[in-house]
Amino acid sequence: MSQDSNANMIVCHECDLLQHADAVPRRGSLRCARCDAPLLRWASDKLDVPVALAVTAAVSFLIANIFPVMTLEFQALRMDATMVAAVWQLHAQGETLVGVLVLVTSVLAPAALIAGLLWLLLPLRLGFRAPGFAPLFRALMAISSWVMVEVLMLGVVVALVKLGHMASASAGIGLWAFGATMLLLTLLSSSLQGSVIWAYHEAVMRGRDGQADVDGKVVEVTS
Amino acid sequence: MNAAGDLTQSFPPESAASRGLTGCHACGQVVSVVEHDHCPRCGSAVHLRKPLSLTRCWAFLIAALILYVPANLLPIMETTSLGATQSNTIMSGIILLWNTGSWDLAVIVFVASMVVPLGKLLALVVLLISVQRKPLGAAPQLSRLYRLVELVGKWSMLDVYVVALLATLVRFDAFMSVHAGHGALAFGAVVVLTMLAAQSFDPRLMWDALQRRAQGRA
């Protein structure tokens with residue numbers, strides 16, 4: 001069975017039904033004929049929007065980690081909390097493992113996801129393949145389920161309410177930047193489809209073999 | 001072709017596995033496992049079914065069940081105010097929120113910290129029994145249950161973040177301070193373990209079992 005005969009086939013990751021991959025309706029999605037699992041979402045076959053979103057997410061995530069997410073004022077005292085400070089405080093209180101959990105899910109995993117996507121997408125958009133492409137792609141797929149920025153947002157809201165009863169707690173710039181990052185990551189995941197990444201990848205590799213696409217631009221890629 | 005036949009005859013005829021094909025779990029490429037043990041496109045190891053899916057799922061699940069006890073009994077947070085220390089478990093924190101008038105947030109935290117972890121543990125047991133013994137529901141419903149488990153899993157981290165933030169902000173020495181408790185560690189571990197359990201579970205096994213049963217009856 002050659003690779004080409006599988007080109008228009010798709011396998012449901014939840015029920016293993018082998019089916020024909022119909023064209024995804026514009027702004028719609030494709031679901032499994034048997035178990036209704038979402039198989040493919042519509043996504044533009046250009047990388048411009050995902051690249052722009054990833055760059056913006058990188059900036060907002062940087063801001064989110066430099067400025068405090070929350071500030072607590074009590075009489076003349078003032079306490080700021082960034083996520084890194086929270087991790088450090090957990091470590092200082094002897095709950096290092098909880099700190100590691102917070103660090104991974106709210107700082108490291110999102111940072112790795114954003115940086116990794118930029119590493120993959122920017123060169124692809126410019127017409128070449130980044131080193132370590134395939135291993136990084138696999139790593140990003142594994143990391144993505146451990147990004148919990150949206151849960152952190154809700155956590156800050158709960159903390160604000162809990163502290164509101166005893167002192168003046170306020171949201172900081174970091175919180176708004178976290179919110180922006182959350183929004184951008186959501187938009188990014190809905191505007192980016194793995195198959196588009198691989199279609200670009202294939203076009204770039206073909207271009208390098210000297211068979212097509214000599215002007216360095218990758219256009220008209222069908223996913 | 002003989003090797004492929006031996007490999008795949010145990011799978012229902014509608015499945016990709018019965019033809020020796022699988023969808024790469026990382027990039028979605030349809031790959032023949034007879035010809036490849038790694039995806040030719042992205043290099044992931046390819047298997048017809050997740051290796052040791054049920055064993056790994058049970059192992060993570062049992063570990064999560066055990067840690068669920070200290071997660072709920074140990075304090076996740078200790079508040080020291082003017083020398084007096086008050087310990088809060090997850091449930092007492094929710095009750096405190098409710099009593100201070102924030103009933104809406106109390107409901108959200110209750111769902112994230114009590115309903116979701118417990119529901120996830122139960123749902124995974126239902127899914128595992130459905131594969132190994134007898135189906136406790138129709139396959140589409142079980143599929144939907146699995147999707148739900150994957151979707152809501154991470155929201156239980158809510159309380160861990162709240163504790164981390166309070167412990168960082170409330171540090172006014174003798175007047176008032178908040179310390180994270182060991183309950184937070186156990187609770188965080190439950191969240192991670194149930195997520196790993198859900199990731200280990202292979203939903204395709206439910207459909208395999210269902211069709212094998214249907215064939216046996218026919």
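**Largest cavity.** I looked up which element gives the most to the lining of the largest cavity, and H3(B) does, with four residues. Elements here are DSSP runs numbered from the N terminus, helices being H or I with at least four residues and strands E with at least two. This is a predicted model, where local features need pLDDT of at least 70, side-chain atom pairs count only at pLDDT 80 or more, and totals for chains, interfaces and linings use all residues. Residues are numbered from 1 along each chain as its sequence is written, chains are lettered from A and ligands numbered from 1 in the order written, and side-chain values use heavy atoms, with hydrogens and water left out.

The space in the largest cavity comes to about 80 Å³. I counted a cavity as a set of points, on a 1 Å grid over the protein atoms alone, where a 1.4 Å probe fits but cannot get out; a pocket is an open set with protein on both sides within 12 Å along at least five of seven lines, and lining residues have an atom within 4 Å of a point. Points are joined across faces, edges and corners, and a volume is the space filled by probe spheres set on them.

Of the 14 lining residues, A:Lys162, B:Ile76, B:Ile90, B:Gly93 and B:Asp159 are the closest to the centre of the largest cavity. H5 of chain A, with H3 and H6 of chain B, are the elements giving two or more residues to this lining. I sorted the lining into nine nonpolar, three polar and two charged residues. For the classes, Ala, Val, Leu, Ile, Met, Phe, Trp, Tyr, Cys and Pro are nonpolar, Asp, Glu, Lys and Arg charged, and the others, Gly among them, polar.

My search of the whole structure found two cavities of 30 Å³ or more.

**Second largest pocket.** I got about 350 Å³ for this one. It has 17 lining residues, and A:Lys162, A:Met166, B:Met77, B:Thr79 and B:Leu96 are the closest to its centre. By class the lining is nine nonpolar, seven polar and one charged.

I checked H2 (83–92) of chain A against H6 (158–169) of chain B: they pack at about 85 degrees, axes 9 Å apart. So H2(A) is roughly perpendicular to H6(B) (65 to 115 degrees; under 35 is roughly parallel, over 145 roughly antiparallel, the rest oblique). Axes are lines fitted to C-alpha atoms, for helices over the stretch in contact, and angles run from 0 to 180 degrees between N-to-C directions. In contact (heavy atoms within 4.5 Å) are, among others, A:Met83 and A:Leu90 with B:Tyr161 and B:Leu165.
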